Amino acid sequence: MITHWLLLILVVCCLGGNCSAFNEIYDSDESNLLRTPLDRGPHFDLSASKNITALVGKTAYLNCRVKNIGNKTVSWVRHRDIHLLTVGRFTYTSDQRFQAVHNPQTDDWSLQIRYPQKRDTGVYECQISTTPPVGHSMFLAVVEPITTIVGVPDLYINTDSTVNLTCIVRNSPEPPSTIFWTHNNQEINYDSPRGGVSVITKKGEMTTSYLLIQRARTTDSGKYVCSPSNADPSTINVHILNG
């Protein structure tokens, strides 16, 4: 800011007919007050550029959000072999499972991977073509859900006891939408005249489905299969024993 004594001198000078110095200093001071912070230039929005876990065979997207991109371009590089996958919207690999996806209405530049396999697990880097280039690395984990029925392959239960079959689905980035139970290749009817058959499913990072059969009888013996919608099934053989 202009100090009081300097302002007084300038006013006196201006009264004497020399206002140019006053105008120059005042304009300079006013422009400093109105000046905005410097533009950061292209940079990553880390809140929308994160590691992901994907299912084998299900299309995966690694997202990279770049603010203030201007006339720069975004590229994707696979760290495993330092392989350039995409530049802008163009693909630079013979593996056509990889493709750049960008909506001009957003700041997001995504790497689409169709039919991902476990071998695709690893570090991928989103780069901005500044000088020098800047990059942000993300980790893609491609997993295959595992289905297990506790007690496999055989479970022995006495008649009139309660059968509790517990099916667990692990390594799934999202819970299965449905879990089907079958008995001797027939889907179980929980409203059948037999009664006493129910299922309880708890979904989460690890999904668990409980098949409960009350007052077990010999006709309940046989092969039971737990079939999640996003994983391979698991089988158990149940033997109902007399006394």
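Tutor: Let us begin with a single side chain. That of threonine 147 reaches the backbone oxygen of aspartate 232 at 2.7 Å. This is a predicted model, in which local features need pLDDT of at least 70 and side-chain atom pairs count only at pLDDT 80 or more, while totals for chains, interfaces and linings use all residues. Residues are numbered from 1 along each chain as its sequence is written, and side-chain values use heavy atoms, with hydrogens and water left out.

Student: What makes the approach of threonine 147 to aspartate 232 a polar contact?

Tutor: A polar contact is a pair of N or O atoms within 3.5 Å; within protein, one must be able to donate a hydrogen and the other to accept it, and residues adjacent in sequence count only if both atoms are side-chain atoms. The value for threonine 147 and the backbone oxygen of aspartate 232 is 2.7 Å.

Student: Which residues does threonine 147 touch?

Tutor: Not counting residues up to four places away in sequence, threonine 147 touches several residues, including Cys167, Cys226, Asp232 and Pro233. Contact here means heavy atoms within 4.5 Å.

Student: How do you know that cysteine 167 and cysteine 226 form a disulfide?

Tutor: A disulfide is a pair of cysteine sulfur atoms within 2.5 Å. The sulfur atoms of cysteine 167 and cysteine 226 are 2.0 Å apart, and the two form a disulfide. Cysteine 167 lies in strand S13 (residues 163-170) and cysteine 226 in strand S18 (residues 222-228), so the pair ties together parts that are 59 residues apart in sequence. Cysteine 167 is buried because its relative accessible area is 0%, and cysteine 226 counts as buried at 0% as well.

Student: How many disulfides does a search of the whole structure find?

Tutor: The search finds 2 disulfides. One of them joins cysteine 64 to cysteine 126, with an S to S distance of 2.0 Å. This pair links distant parts of the chain, 62 residues apart: cysteine 64 is in strand S3 (residues 60-67) and cysteine 126 in strand S9 (residues 122-128).

Student: Why is the disulfide of cysteine 64 and cysteine 126 left-handed?

Tutor: The torsion about its S-S bond is about -80°, so the disulfide of cysteine 64 and cysteine 126 is left-handed.

Student: What makes the aromatic pair of phenylalanine 98 and tyrosine 124 tilted?

Tutor: Rings of Phe, Tyr and Trp (its six-membered ring) pair if their centres lie within 6.5 Å; planes under 30 degrees apart count as stacked, over 60 as edge-to-face and the rest as tilted. The structure holds 1 aromatic pair. The ring centres of phenylalanine 98 and tyrosine 124 are 6.5 Å apart and their planes stand at 35°, so the pair is tilted. Phenylalanine 98 lies in strand S7 (residues 98-102) and tyrosine 124 in strand S9, so the pair ties together parts that are 26 residues apart in sequence. Phenylalanine 98 and tyrosine 124 are both buried.

How values were computed. Helix = DSSP H or I, 4+ residues; strand = E, 2+ residues; numbered from the N terminus. Buried < 20%, exposed > 50% of the residue type's maximum accessible area, 1.4 Å probe, protein only.
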